Amino acid sequence: MAETQRHPFLQGLSKHRGAPPTVVVIFGASGDLTARKLIPAVFNLSYDNLLPADFFLVGYGRKAIPDEEFRTLATDAIKEFSRRELNAEVWGRVAANTSYVAGGYDERAAFDRLAQHIAAIEKKIGREVQTLFYISTPPSVFGPILQNLGASGLASKYLGQAHHSKVIIEKPFGKDLKSAQELNKTIRSVLEEHQVYRIDHYLGKETVQDLLVQRFANSIFEPLWNRNFIDHVQITVAEEVGVGTRGGYYEQSGALRDMIQNHTMQLLALTAMEPPVSLDAEAVRDEKVKVLKAIQPLRLGAGGDVARAQYSEGMMGGKQAKGYLQEEGINPQSATETYAGIRLSINNWRWQGVPFYLRSGKRMARRVTEIAVQFKRPPGTLFAESDRFNLAPNTLAFQIQPDEGLSMILNGKVPGLETRTQPVKMNFRYSTTYGSNTPEAYERLVLDAMVGDGTLFIRGDEAETSWKLYTPVLEAWAAAGREGMDSYPVGSWGPANADALLAASKHTWR
Ligand code: NDP
Ligand code: BG6
């Protein structure tokens, strides 16, 4: 396949991928996310011929940056962060239509200037464009930006039937139930829900989308996908990295807010939801909300459903590594968790009695995101665990990242004249089947928002349902301070209190 043809992955869930003439405005365009993810995503979409012919990129921020300088920043970002090398011709097409508007996020007049800037683009090309606003600033200014989009009329700019102005909102979507509700209220005061694209970049990952395909495009899983056959489910989002230079942000966040409430819960929702009636955004999101609502409130205190810990210093990758409390910008008495472990019960016909275990931590042994579905053991009438019969529970594991793929543990006969058994692993790897240069999550998500497909974004009630589950935990942890905070050495698989979550049902982490 020629490199510039549309990549098969990008055809995705919905059939119609053509976007109308579009102006993408990035608020916070001088920031880290813009450089590391958004500009490379735009470049790669252009490379794959997925941008409309009339495509314009406008950076917006408080500092005055001349157009030429913004283009240079963008070019440098592609060189440093894109999965593909810079291609001058491909990027040149976008760069020619790239500009910068300086203004405050709470400065009403600046939004009028932005509106005039967009009007000038429309005048130049002699047609109207749809506007896609990407809010990539710290959350403290999400509200003012939304309000000014409303007040300036930019939020209600309309192009044809399906292409109202659209707004992508970065995470974190609030810090608890109340703040998420307030943010939703602000959003609703200026936008209709179909205009809003709340990002969870895990939904843009290839393997997360593949979860839907594996579950619902195959007939062998669905009959087994319930409490009759599944013993329990483990969802792991382990990172090798620590907090790095993001101490200021992380101290206010912690693993529960940063990873569990959003990314890990999305993986859970897609694993546990009922088959949607269609692949439309509303149908998929209805099912996700339904299953999230069936989750039982978490039990707190000793023997409860939650565990938290901080990484402590030790050796990692042959080097001495700091503990969380020694990291730059971290309060030495900090009560912020770098690891959270959760045991969930879903009270519906499909899942009652099947524990779902979730864990996410920084500075763990290995970077791995995985959903492991462990099946019940067969009756041991013919093969019971013994010296000859080495048996493992059947486990289907979706390897979300890295080394993306799907594996199944089965028990097989060891070749030989005596009957001996041993667990064997069937392995499907993306890299061997499809090659390794797959699109980044942000490519998929920016494209989806441009074409108006909200399937892989979070709906307002979905965010609130997840916060409703975790807000009591956050409040209890805040009240307890450091009491009950466990620790785990850097480079390990987590704390003892998270093992205890599983031990009650005689389970162990994989
Ligand atoms: P930055 O801290 O780099 O900020 C982005 C831009 O916002 C800055 O360049 C600055 O632009 C403006 N800004 C910074 N601080 C303030 C402030 N206190 N008040 C008003 N404006 C400010 O953020 P990131 O790019 O890292 O992240 C942007 C968003 O994306 C955040 O919501 C973050 O949570 C989310 N995110 C980021 C990820 C990442 O890897 N970076 C990953 C996942 C989500 P200017 O001064 O020009 O106005
Ligand atoms: C972000 C978190 O949302 O996701 C980070 O804020 C985390 O703390 C990152 O490192 C992980 O994303 P990925 O795609 O590298 O798994």
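Okay, let me start with one spot: Ala238 has Val368 as its bridge partner in E15. Before going on, some housekeeping. Residues are numbered from 1 along each chain as its sequence is written, while chains are lettered from A and ligands numbered from 1 in the order in which they are written. This is a predicted model, so to speak of a local feature we need pLDDT of at least 70, side-chain atom pairs count only at pLDDT 80 or more, and totals for chains, interfaces and linings use all residues.

When I say helix or strand, I mean a DSSP run numbered from the N terminus: H or I with at least four residues for helices, E with at least two for strands. And two strands pair if DSSP finds at least two bridges between them.

So, back to that spot. Strand E9 (residues 230–238) and E15 run antiparallel, joined by eight bridges. On to the next pair: strand E15 (residues 368–375) goes with strand E16 (residues 395–401), antiparallel, over six bridges. Thr369 has Gln401 as its partner there.

These strands sit in an open sheet of nine, with mixed pairing, ordered E18-E17-E16-E15-E9-E14-E13-E10-E19. Which strands stand at the edges? They are strand E18 (420–429) and strand E19 (486–489), each with a single partner strand, so one side of each has no neighbour in the sheet. From one strand to the next, the twist averages 20 degrees; for angles, axes are lines fitted to C-alpha atoms, for helices over the stretch in contact, and the angle runs from 0 to 180 degrees between N-to-C directions.

Now look at E13 in that sheet. How many of its residues are buried? Six of the six, so E13 is largely enclosed by the rest of the structure. Buried here means 20 or more other C-beta atoms within 10 Å of the residue's own; exposed means 12 or fewer, partly exposed is in between, and C-beta atoms are placed from the backbone. Both faces are covered: one side has Tyr339, Gly341 and Arg343, the other Ala340, Ile342 and Leu344. As a general point, side chains in a regular strand alternate between the two faces of the sheet.

E13 has an antiparallel link to E10 through four bridges, with Gly341 as the bridge partner of Ala307. E13 also pairs with E14, antiparallel over six bridges, and there Leu344 stands opposite Phe356. Helix H14 (residues 496–503) lies across strand E10 (306–312), strand E13 (339–344), strand E14 (356–361) and E19, at about 150 degrees to E10. Lying across goes by contact, where two C-beta atoms, placed from the backbone, are within 7 Å.

Next, the other sheet. That one is open too, six strands with parallel pairing, in the order E3-E2-E1-E4-E7-E8. E3 and strand E8 (196–198) are at the edges with a single partner strand each, so each has one side left without a neighbour in the sheet. Strand E1 (residues 22–27) runs parallel to E2, with six bridges between them, and Thr22 stands opposite Phe55. H2 lies across E2 and E3, at about 120 degrees to E3.

Helix H3 (residues 88–95) is worth a look: its buried residues are Val90, Trp91, Val94 and Ala95. Down the axis of H3, these fall within an arc of 130 degrees, so they line one face of the helix; the arc is that of the directions from the helix axis to the C-beta atoms. Facing away from that side are the exposed residues Ala88, Glu89 and Gly92. The cover over the buried residues of H3 includes helix H1 (32–47), strand E2 (55–61), helix H2 (67–81) and strand E3 (98–102).

Last, the core. A nonpolar core is a set of buried Ala, Val, Leu, Ile, Met, Phe, Trp, Tyr and Cys residues joined through C-beta atoms within 7 Å. The largest one has 128 residues, and Val25 and Tyr134 touch the most other members. Where does this core lie? Domain 1 (15–170) and domain 2 (203–438 + 459–504) both give residues to it, so it lies between them; the domain bounds come from an automatic or database assignment. Over C-alpha atoms, the domain centres are 35 Å apart. Beyond its neighbours within four places in sequence, Val25 is in contact with Val58, Tyr60, Leu114, Thr131, Phe133 and Tyr134.
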